[in-house]
Amino acid sequence: MTEHNPPAIFVADAAGLDFLNSLATPVDEPFEWLNDGEGLIQWLGEAGLVPERRLQSIAKNAMPGELDSLAAQARSLREWFRGFVREHKGKPLDTSALEQLEPLNRLLARDEQFRQIVTAEEQKGATGLRWSTERQWKSPDALLSPVAEAMGELVCTEEFSDIKACEGHNCTLLFIDRTRGKKRRWCSMAVCGNRAKQAAHRARAN
């Protein structure tokens with residue numbers, strides 16, 4: 001599958017936040033990875049949320065404009081969830097947030113997952129049989145199901161107190177701070193962290 005966007009950014013340590021980071025300002029100008037259907041397909045593949053063969057099949061069989069419409073839905077979903085995360089980040093998430101999550105629960109209710117018994121040989125050193133969770137991919141709309149699942153995982157398994165926004169100038173990236181002492185400040189020390197050090201050095205020099 002031909003890539004028409006630069007590689008996406010995955011620094012959040014949580015797929016639900018990586019989805020929010022599909023619109024970001026890595027340098028000075030905002031960049032939209034979900035700009036159209038092709039961009040959505042590319043991002044889902046890079047994120048590992050949908051098997052490559054499924055993406056290729058859906059892209060091949062989609063009606064004209066169908067994936068572009070789906071990308072617009074994905075952007076709308078993302079911005080709704082961004083508002084939720086920004087409202088609640090930095091503090092514990094409690095049950096009072098459930099009502100706000102009704103749109104996500106409605107999307108999750110559309111999913112068609114099922115379990116199959118398969119051989120375990122794909123896992124290194126494993127033998128015998130194992131459970132595998134599979135998903136029906138009946139239409140392009142199903143591509144939003146693993147995204148919704150990643151968002152649900154963020155809500156139900158992560159500490160919202162540990163969600164932070166990068167302190168870099170103009171940077172909009174979000175991440176989970178898993179460091180000891182919870183002192184992470186940057187999306188990446190190599191990018192925003194280094195820029196901050198250089199800015200501080202220039203300020204001291206002046």
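The paragraphs below walk through a helix pair and then the cysteines of this predicted model.

We begin with helix α6, which spans residues 144-157. Helix α6 holds 14 residues and extends 20 Å from its first C-alpha to its last, close to the 20 Å expected at 1.5 Å a residue. Of those 14 residues, 10 are buried, so α6 is largely enclosed by the rest of the structure. The buried positions in α6 are Leu144, Ser145, Pro146, Val147, Ala148, Ala150, Met151, Gly152, Leu154 and Val155.

One partner of this helix is α4, residues 66-88, whose axis comes within 11 Å of the axis of α6 and crosses it at roughly 5 degrees. Because angles under 35 degrees count as roughly parallel, α4 is described as roughly parallel to α6. On the α4 side, the contact is made by Leu70, Gln73, Ala74, Leu77, Trp80, Phe81, Phe84 and Val85, while α6 contributes Leu144, Val147, Met151, Leu154 and Val155. Sorted by class, this contact of α4 with α6 has 12 nonpolar residues, 1 polar residue and no charged ones.

The cysteines raise a separate matter, since a disulfide is a covalent bond between the sulfur atoms of two cysteines. A search of the whole structure finds 0 disulfides. For Cys192, the closest cysteine sulfur is that of Cys166, at 3.7 Å, which is too far for a bond, given that a disulfide requires the sulfur atoms to lie within 2.5 Å. Cys192 counts as buried, with 3% relative accessibility, whereas Cys156 counts as exposed, with 66% relative accessibility.

Conventions. Residues are numbered from 1 along each chain as its sequence is written. This is a predicted model: local features need pLDDT of at least 70, side-chain atom pairs count only at pLDDT 80 or more; totals for chains, interfaces and linings use all residues. Side-chain values use heavy atoms; hydrogens and water are left out. Axes are lines fitted to C-alpha atoms, for helices over the stretch in contact, and angles run from 0 to 180 degrees between N-to-C directions. Helices (H or I, at least four residues) and strands (E, at least two) are DSSP runs, numbered from the N terminus. Angles under 35 degrees count as roughly parallel, over 145 as roughly antiparallel, 65 to 115 as roughly perpendicular and the rest as oblique. Contact means heavy atoms within 4.5 Å. Ala, Val, Leu, Ile, Met, Phe, Trp, Tyr, Cys and Pro count as nonpolar, Asp, Glu, Lys and Arg as charged, and the others, Gly among them, as polar. Buried means under 20% relative accessible area, exposed over 50%, partly exposed in between (1.4 Å probe, protein chains only). The expected span of a helix is 1.5 Å times one less than its number of residues.
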